[in-house]
Each structure stands twice: as C-alpha cells, then as structure tokens.
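Hi,

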Amino acid sequence: MGKNIVQKIIDSHLVSGEPASGKEVGIKIDQTLTQDATGTMVYLQFEAMGIPRVKTELSVSYVDHNTLQEGFENADDHRYLQTVAARHGVYYSRAGNGICHQVHLERFGAPGKTLLGSDSHTPTNGGIGMIAIGAGGLDVAIAMAGGAFFLTYPKVLKVHFTGELSPWVSAKDVILKLLEILTTKGNVGWVVEYGGEGIKSLSVPERATITNMGAELGVTTSIFPSDEVTRKFLKAQNREAVWVSLEADEDAKYDRAIELNLSEIEPMVAQPHSPDNVVRIRDIAGTEVHQVLVGSCTNSSYKDVMTVAKILEGRTVSPSVSFGVAPGSRQVLLMAARESSVASLVGSGARILEATCGFCIGAGQAPPSGAVSVRTNNRNFFGRSGTKDAGIYLVSPETAAACAIKGVIADPRDVAEEYGIEPPGVSAPDEFIVDDTMIIVPPEDGTGIEIRRGPNIGNPPEASPLKDSLKGEVTLKVGDKITTDHIMPAGARLKYRSNIPKYAEFVFESVDAEFHRKSLKNKAEGVDTIVVGGLSYGQGSSREHAAICPSYLGVRAVVAKSFERIHSANLVNFGILPLLIANEEDYDRIDQGDRLELPQVKADILKGEVVKAVNTTKGFEIELKHALSKRQIEILIAGGRLAYTKQKGSQ
Ligand code: MIC
Ligand code: SF4
C-alpha cells in the first residue's frame with residue numbers, strides 16, 4: 001500500500017513501536033535545535049547525562065528569544081550556551097543572527113530528515129519537507145544524546161490546495177483560514193500534510209508560514225512535499241546538495257482530507273485572545289490601531305520584509321501608530337539593506353528592531369494600556385504582549401502595512417485602491433546572501449573547553465517519584481484553553497529561565513498571584529497541590545518550565561478535561577500526573593479549595609485506565625482517567641525523565 005509523506009519519513013526513522021495511528025512509537029532524530037529561553041535547561045540536562053558529544057547529525061543552539069540583557073542574567077546565559085555548545089559539538093548561532101526557525105530553514109533544514117526542537121514552532125521547517133517537531137527541552141537533550149523521541153503515531157490530515165492566491169492575500173491568510181476551520185482545540189495526535197496543484201505557487205518561506213502556525217492548531221507537525229520549489233530555494237541558499245524529492249505515493253491514504261481553494265481566500269485576522277478567533281479583516285475594518293509590528297518566526301522572511309517595504313515606500317505611517325519591523329534573520333536584514341528596503345522602511349517611520357523574537361515573546365514593545373496592536377506573529381494570548389488589557393490582532397504583512405498607513409484596521413486591497421498602490425509582487429530571489437560568520441562551528445574535540453556559568457544558572461531540579469496515594473488541595477481551578485503563557489509567563493520574567501526557584505515565583509502570575517505562596521505552604525505542610533483545568537490545558541509554547549516550576553512548587557497532579565501534546569509530555573517528564581476528568585460534569589462540581597484524595601493512585605495507574613478520586617470536602621467520588629503509555633508510567637515511578645534516563649540510559 002502506498003504511503004503519504006508523513007508515513008514515509010516516520011517509518012524510515014522508526015526505532016521502536018508499531019506504526020499504527022494511536023500507538024506510541026520511538027523515532028530517530030537527525031537534527032535538533034534549541035533557543036536560549038529553553039536552551040539553558042536543555043544543556044544542563046544534557047550535561048547531567050554525562051555524554052561527551054552530541055550523537056545527532058546536526059545540533060544547533062540559537063540565541064534569539066531574549067537578547068535584551070537587562071542585567072547580567074541573559075548575558076550569562078548566552079555565554080554558558082556558547083561554551084557548552086563548543087564543548088559538546090553543537091553549532092552556535094549568535095545573538096543577532098536571527099530567529100531559530102527562520103535561520104534553520106535558510107541554513108540547515110533538509111527534506112526527508114527529522115528535526116526536534118525545544119520550541120513549539122519547530123514545525124516551521126515542515127515547509128522544507130522535514131518532520132519537524134516541537135518538544136520539551138529534556139526530550140531534546142535525550143535526542144542529542146542519541147535517544148529516540150517518542151510520539152503517538154499520528155493520524156494524517158491532507159489539506160489539498162487548488163487555485164492561486166489573489167494579489168494582497170498571502171500565506172498567513174491561508175493558515176488563519178485553516179485556524180478558523182479547524183480551531184486550536186481537538187487536533188492533538190494529527191499531522192497536516194499539504195498537497196495539490198496550489199502548492200506550486202507557494203515558495204518555501206510561504207509554506208513555512210503555514211506549517212509554523214500548525215503549532216496553533218495543536219497538531220504534532222505539518223509538512224509540505226519537497227519539489228522543484230524546494231530545490232530552487234535550497235539552490236538560492238547554496239545548499240542544493242541536500243535536496244531530495246519527497247512526495248506522497250499515488251495511492252497514499254489519509255485519515256481525513258479537506259480542500260481549500262486559494263483563490264477564494266481573503267485577508268483574515270485573528271482577534272484577541274486566541275489565534276482561532278478568526279474573521280475577515282473587512283469585518284472589523286475601521287477600528288483604531290496604536291501599534292503595528294512585523295516580524296516573528298511566522299512572517300519575517302525576505303519576501304515578508306520586502307513586501308512591507310514596498311507598500312510603505314514613499315509613505316509615512318499614521319501618527320497614531322508605533323510601527324516596528326524585526327527581520328527574521330541577519331540574512332533577511334542584509335538583503336533588505338542591499339536592496340534599499342531598510343531605507344524605505346526607515347523613511348516611512350519604521351523602528352528597525354533586532355532580528356530576534358523580541359515583541360513576539362513580550363520582550364519589549366509592550367503596547368500602551370487598552371491598545372489595539374496589529375502584529376504578524378502567531379500568538380495573541382492574554383497578557384503575552386506585556387500589557388494585560390491590550391488586544392493583539394494577528395494578520396499578514398500586507399495587512400500590517402495597510403494598517404500602519406491608515407492608523408485603523410484596514411483591508412490591504414482597500415488601502416491599495418485608495419492610495420493607488422500596485423501589488424508588491426516580491427518574488428523569491430535566485431540567490432540569497434550567504435554569510436554564516438555568526439554561526440560558530442564547534443571544534444572537532446571540545447574536551448578542553450571550559451564551560452562558563454554565571455550565578456543565575458542553577459541545576460535542573462529533581463522531580464519526586466509517584467506516591468502510592470495523593471492527599472491534596474485544588475489550589476487552583478482554571479477554565480478552557482489555559483496556555484503555557486498563563487502558567488509560566490515569559491516577557492519580563494524570561495531572564496529567570498535558568499534559575500528555577502526564582503522563576504517559580506511567577507507560576508500562574510496573571511491568574512492568581514498568590515499561587516506560588518499557597519503551593520509552597522502546602523508543600524511545607526505535606527499537602528499535595530492539584531490544579532484543575534478545562535479543555536486543551538497547556539496550549540502554546542513548549543516551555544518545560546511550565547512543568548518544572550510547578551513541580552518545584554509541589555504540584556503533583558493536573559486534572560483537566562483534555563491536554564495539549566507537548567505540555568502533557570512535559571508534565572510527565574517532571575513527575576506531574578496529567579489526569580483526565582472522565583465525566584465532564586464533575587469539572588463543574590469541583591471548586592477551588594476543595595480537598596481531593598486519590599487513595600491508590602499508583603496501583604490504579606498500574607492496573608488500568610481509571611483512577612479513583614474522592615472530593616473529601618463535598619463527599620463525592622470522581623472518576624479520573626489517564627492516557628499514559630507504559631514508558632510514561634515508568635518515568636513517573638522513577639521520579640521524572642532525568643532520573644529514568646539515568647537508570648535506563650538515553651532511551
Ligand atoms: C513561544 O512562542 O511561546 C516560545 C517563547 O517560542 C516558546 C518557547 C519558550 O517558551 O521559550 C515556544 O513556542 O515553545
Ligand atoms: Fe520566537 Fe515568537 Fe517564534 Fe516563539 S513564536 S519562536 S517567541 S518568534
């Protein structure tokens with residue numbers, strides 16, 4: 001029987017398990033990537049495994065998330081990352097070289113390979129035909145040590161494109177349309193495979209915009225075939241040698257298929273506070289805008305930046321708008337400088353920002369109170385921008401430029417007509433500027449290299465083994481779609497990523513500022529802290545700190561209606577039980593402050609799916625379930641993945 005692309009790559013990398021959807025399989029990882037905000041933990045954990053040199057074909061450490069260096073903490077992190085990379089055989093992409101996913105696509109991504117990254121937008125490289133998956137840092141550390149990555153063998157959704165995008169409509173509008181259709185919930189365990197005639201008109205960076213926001217759909221990853229478009233991109237990057245053709249067999253089967261006619265897509269927008277709160281931009285046109293930001297791993301390619309520059313050429317941004325542009329990489333910035341686009345952007349009033357994540361992660365550019373901020377990035381979660389009452393609207397670069405000119409939310413087609421602007425029509429270049437001088441190649445033998453650690457860099461904390469029973473308190477009850485930004489804020493708090501006791505002070509900061517104090521009090525009194533959540537608990541980032549810090553505070557279980565993939569794996573890795581509420585009405589009957597007992601949790605888990613719980617405050621029984629694999633149960637019993645790995649070796 002023929003195979004689809006997802007099956008082809010996964011099956012050729014299979015090291016354990018049965019390749020049937022729903023079953024846990026282990027795959028070999030060819031490449032890894034890390035970024036600074038998750039990276040310090042990854043390398044501390046890698047060091048704890050005592051392996052001298054990475055065993056992957058390629059591992060790259062990027063510094064892109066926090067380069068603000070307010071205080072010594074970031075700078076110390078960067079120095080640690082640089083020295084630990086050289087010591088263990090990891091390429092190091094210095095601050096200023098660009099956003100990990102964009103740079104990886106330009107300089108390292110290779111069709112047919114597997115990539116594991118400690119960042120949820122790792123699927124960006126699905127645009128070049130990789131199985132690229134985001135995971136918690138510990139999973140990445142284990143992959144660097146040569147261990148397999150475990151995932152549920154996915155169901156595959158084929159998205160078949162017909163037609164071609166109209167002028168002023170771009171890849172971002174396509175993925176926003178898909179988010180409108182598929183939403184951010186209920187897609188766990190799926191991979192999206194794109195195909196159809198329509199893909200031929202999409203360049204690799206445009207495909208990458210689409211696979212990038214697969215993270216927001218909650219799918220494991222998304223992938224495009226590798227075709228002549230891919231070859232052209234690689235050739236322009238002077239890397240044609242890594243091109244291979246990759247397409248689905250004619251008789252390939254899919255678990256579901258949908259068709260999308262690109263010609264019918266219009267400029268779209270995701271309104272606050274969820275990437276699936278999507279409408280047509282024309283539906284909300286006229287709303288006053290205070291800030292416009294172009295950049296992030298979704299929309300910061302050469303084409304994106306050039307498009308915005310062309311639209312703004314000879315025009316001035318509205319006086320009510322603060323307008324910033326963060327190119328995705330040093331390559332994009334160099335090209336934009338060479339082709340005078342930087343001049344046209346600066347001329348229009350743009351603030352040229354560093355080639356980093358910056359505003360996207362809330363590191364700078366917090367909007368004013370109550371502001372409307374129009375951005376080209378991928379997440380508009382509550383509070384992520386740094387201003388709680390600001391509303392973030394996610395759009396394409398074309399729409400962002402139109403809004404910057406008008407000072408209100410505007411459809412680029414209408415603005416083009418009003419101002420007589422021609423469609424920018426930026427095409428993919430035949431040759432990019434290739435200059436890898438900001439990427440430090442590790443020495444053949446790194447054993448003599450001294451690893452430098454600052455005072456902010458601690459050791460990865462150890463989780464505790466699963467207890468026979470839990471006696472706890474529902475210290476916090478939250479609703480649906482709780483993101484890792486709710487659990488573990490980034491932005492101004494990012495600089496504590498390497499200091500767990502300090503960072504743990506901010507767990508659930510925007511939801512209940514007292515949470516960490518209450519949990520530490522429980523811990524001191526021998527009470528287990530339990531969090532109750534709704535649907536899709538743990539959406540968003542791969543940050544394992546959203547599990548490490550709660551684990552440090554004594555959280556022993558999260559009881560929710562459903563979990564997102566990366567976060568639930570992180571919970572297990574750090575010894576926190578992810579438990580499902582079997583009957584949804586029980587969620588309503590549990591209140592914050594209730595006492596919960598799981599009298600024989602360990603025995604229940606070892607026996608089957610059902611875990612018995614009792615609400616001792618209100619006197620009723622609750623049926624909980626788990627979806628843990630045998631391996632995950634062993635991890636919990638061992639006291640987390642690091643302890644388990646030390647016992648078993650990197651598997
Ligand atoms: C994000 O977009 O939320 C981040 C910041 O890139 C995270 C990683 C992190 O929290 O460091 C992600 O997407 O995984
Ligand atoms: Fe960086 Fe934003 Fe992309 Fe996360 S989503 S990797 S913060 S640019």
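Before the ligands, one cut-off: I call a pair of N or O atoms a polar contact when they lie within 3.5 Å. Please also keep in mind that this is a predicted model.

**Ligand 1**

Which residues come nearest to ligand 1? Among the 14 residues around it, those are Asp119, Ser120, Arg497, Ser542 and Arg543. For Arg543, an N or O atom of the side chain is 2.6 Å from a ligand 1 oxygen. For Asp119, a polar side-chain atom lies 2.7 Å from an oxygen atom of ligand 1. Ser541 has a side-chain N or O atom 3.0 Å from an oxygen atom of that ligand. On its own, ligand 1 has 330 Å² of accessible area, and the protein covers 97% of that. Sorted by class, the shell holds 7 polar, 5 charged and 2 nonpolar residues.

**Ligand 2**

The shell of ligand 2 consists of His65, His101, Asp119, His121, Ser296, Cys297, Cys357, Cys360, Ile361, Asn378 and Arg384.

Cys297 has a relative accessible area of 11% and counts as buried, because the cut-off for buried is under 20%. Cys360 is buried as well, at 8% relative accessibility. As for disulfides, the structure holds 0 of them.

In general, most residues other than glycine have a negative phi, and most peptide bonds are trans. Here are some exceptions.

- Pro272 and His273 are joined by a cis peptide bond, with omega at about -5 degrees. His273 sits in the loop between strand E13 (268–270) and strand E14 (278–280).
- Trp168 is not a glycine, yet its phi is positive, at about 75 degrees. Trp168 belongs to the loop that runs between strand E9 (155–162) and helix H6 (171–182), and its relative accessibility of 10% makes it buried.
- Phe508 also has a positive phi without being a glycine, near 55 degrees. You can find Phe508 in the loop between helix H16 (500–503) and helix H17 (515–525), where it is buried with a relative accessible area of 1%.

**Two buried serines in loops**

Is Ser226 buried or exposed? Ser226 is buried, at 2% relative accessible area, and its place is the loop between strand E11 (221–223) and helix H9 (228–236). Beyond its neighbours within four places in sequence, Ser226 is in contact with Pro111, Ile128, Trp243, Val244, Ser245 and Leu246. With Trp243 there is a polar contact from side chain to side chain, at 3.1 Å. Gly112 is 114 residues away from Ser226 along the chain, but the C-alpha atoms of the two are separated by 8.2 Å.

The other serine is Ser396, in the loop between strand E19 (391–394) and helix H13 (397–406). Its relative accessible area is 0%, which means Ser396 is buried. The side chain of Ser396 makes a polar contact of 3.1 Å with the side chain of Thr399. Setting aside neighbours within four places in sequence, the residues in contact with Ser396 are Ser170, Lys172, Asp173 and Thr376.

Why do I call helix H5 (residues 137–144) largely enclosed by the rest of the structure? Because 8 of its 8 residues are buried. They are Gly137, Leu138, Asp139, Val140, Ala141, Ile142, Ala143 and Met144. Just after H5 comes Gly146, with a positive phi of about 95 degrees.

Helix H7 (residues 204–212) has 9 of 9 residues buried, so the rest of the structure largely encloses this helix too. The buried residues of H7 include the charged ones Glu206 and Arg207, along with Val204, Pro205, Ala208, Thr209, Ile210, Thr211 and Asn212.

That's the lot for now.

Cheers

Definitions and conventions. Residues numbered from 1 in each chain as written. Chains lettered and ligands numbered in written order. Predicted model: local features only at pLDDT ≥ 70, side-chain atom pairs only at ≥ 80, totals over all residues. Heavy atoms only, no water. Near = heavy atom within 4 Å. Polar contact = N/O pair within 3.5 Å; in protein donor to acceptor, adjacent residues only side chain to side chain. Areas by Shrake-Rupley, 256 points an atom, 1.4 Å probe, with all protein chains shown as cover. Disulfide = S-S within 2.5 Å. Buried < 20%, exposed > 50% of the residue type's maximum accessible area, 1.4 Å probe, protein only. Helix = DSSP H or I, 4+ residues; strand = E, 2+ residues; numbered from the N terminus. Contact = heavy atoms within 4.5 Å.
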